[in-house]
Amino acid sequence: MKSILVTGGAGFIGSQFVRQTIAAQLAKVIVLDSLTYAGNLGNLEEVADSALLHFYRGDIADGGLVAGLLLKHQCDAVIHFAAETHVDRSIRRPGKFVQTNVVGTCSLLDAALHHYQSMDEVERRLFRFLHVSTDEVYGQLGESGQFSETSCYAPSSPYAASKASSDHFVRAYFKTYGFPSLITNCSNNYGPFQNVEKLIPSTISKAIRGEALPVYGTGKNVRDWLHVEDHCRALLMVLESGRVGETYSIGGDSELANIDVVRQICAHLDKTIGVPDKSFSDLIRYVDDRPGHDFRYAINHSKITSELGWRPKIEFHSGIARTVDWYVQNNGLATQSGSSP
């Protein structure tokens, strides 16, 4: 790869991918991000001075802008992170998720397809489009079993439905036009720079401010947790060596009930900044469950392990400790959108 267009590259996962790619000096990185509340130039601060980074503020639905960037920088890869991602927000405003995740992805695919069709034969053989998706497209599991690349789609939330739709469009472009695309479906990510609306950073930031820690329902809903650094290692492998037209599942081998995640955070805070005879777990409050709340997710990542040699390296106990420490050092808050490095 010589030049990669990274949509949503100022967001949580996207910025981690950008930082890792530039640190390894793998390619020139063209970041396109509209800097909504979840995107932030501050997430790219440590690579802001790199000659490999080129940032543009704009919308993936702006076909002319995307086409111009692909041509100007002669991009031979696109990795698509840009999305609305929060389930609660999708329940309140599903139309926004359709506009960004479905319409925006279709517009991006159109621009990338036309760019691909303008290439010569050698350039076409090298070009790749990687769509980053979620395990939520599959709905929920019972107490046993795991999602895999052959699992049936059964999205429960408007967010999951919008991502499922975008997955289908990517596959359709591969089958209809021979467009060299790949899809990854990952489990729940965690780590530094995640927006505070998500469970882990929300719990940390509320706890260190002494606020109540809300937990949906009984807290027994189970998620498989994947450190964002492990996820981005997998994405680089798929982009470089994955088979065109294939889907790869990326999981963290860290299934935990939500209440156990919250308790681990509280226990680490008790150990590092707590006071005697009190526990941050005293702040836990059970609240009404989220509508359509899936019971359990789990990922079988044997395909990417056997084909590409990837497996998660960061065990949850140490990963969550590092994550909690990062938020404490940054006053419990991920940087807010619109700020500059």
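Colleague: How many bridges join strand β9 to β11, and which way do the two run?

Modeller: In this predicted model, 3 bridges join β9 (residues 222-227) to β11, and the two strands run antiparallel. Two strands pair if there are at least two bridges between them, so 3 bridges make β9 and β11 a pair. In one of these bridges, D224 has E255 in β11 as its partner.

Colleague: What makes β7 and β11 stand at the edges?

Modeller: The open sheet has 3 strands in the order β7-β9-β11, with mixed pairing. β7 (188-190) and β11 (255-257) each have a single partner strand, so one side of each has no neighbour in the sheet. From one strand to the next, the twist averages 50°.

Colleague: Which helix lies across β9 and β11?

Modeller: That is α9 (residues 258-273), and its angle to β11 is about 90°.

Colleague: In what order do the 7 strands of the open sheet stand?

Modeller: The order is β3-β2-β1-β4-β5-β6-β10, and the pairing is parallel. Neighbouring strands are turned by 20° against each other on average, direction ignored.

Colleague: How do you know that β4 and β5 pair; how many bridges join them?

Modeller: There are 4 bridges between β4 (residues 77-80) and β5 (residues 128-134), which run parallel. The requirement is at least two, so β4 and β5 count as paired. V78 has F129 in β5 as its bridge partner.

Colleague: How many salt bridges does a search of the whole structure find?

Modeller: It finds 12.

Colleague: Why is the contact of E211 and K206 called a salt bridge?

Modeller: The N to O distance between their side chains is 3.9 Å. The cut-off is within 4 Å, so the pair qualifies as a salt bridge. E211 has a relative accessibility of 31%, so it counts as partly exposed. K206, at 23%, also counts as partly exposed, because the buried class requires under 20%.

Colleague: Where do R233 and D230 lie?

Modeller: Both are in helix α8 (residues 228-241), 3 residues apart, which is about one turn of the helix. An α-helix has 3.6 residues a turn, so residues three or four places apart point the same way. R233 and D230 form a salt bridge with their closest N and O atoms 3.0 Å apart.

Colleague: Is D230 buried or exposed?

Modeller: D230 has a relative accessibility of 2%, and the cut-off is under 20%, so D230 is buried.

Colleague: What makes D260 and R263 a salt bridge?

Modeller: Their side chains meet at 4.0 Å, N to O. Both lie in helix α9, 3 residues apart, about one turn of the helix. D260 has a relative accessible area of 32% and is partly exposed. R263, at 43%, is partly exposed too.

Colleague: Which residues are linked in a network of salt bridges?

Modeller: The network links R243, E246, K303 and E307.

Colleague: Why is helix α7 called mostly covered?

Modeller: Of the 10 residues in α7 (residues 199-208), 7 are buried. They are I200, P201, S202, T203, I204, S205 and A207.

Colleague: What covers the buried residues of α7?

Modeller: The cover includes β7, β8 (213-216), β9, α9 and α11 (316-329).

How values were computed
Residues numbered from 1 in each chain as written. Predicted model: local features only at pLDDT ≥ 70, side-chain atom pairs only at ≥ 80, totals over all residues. Heavy atoms only, no water. Axes fitted to C-alpha atoms, helices over the stretch in contact; angles between N-to-C directions. Contact = heavy atoms within 4.5 Å. Buried < 20%, exposed > 50% of the residue type's maximum accessible area, 1.4 Å probe, protein only.
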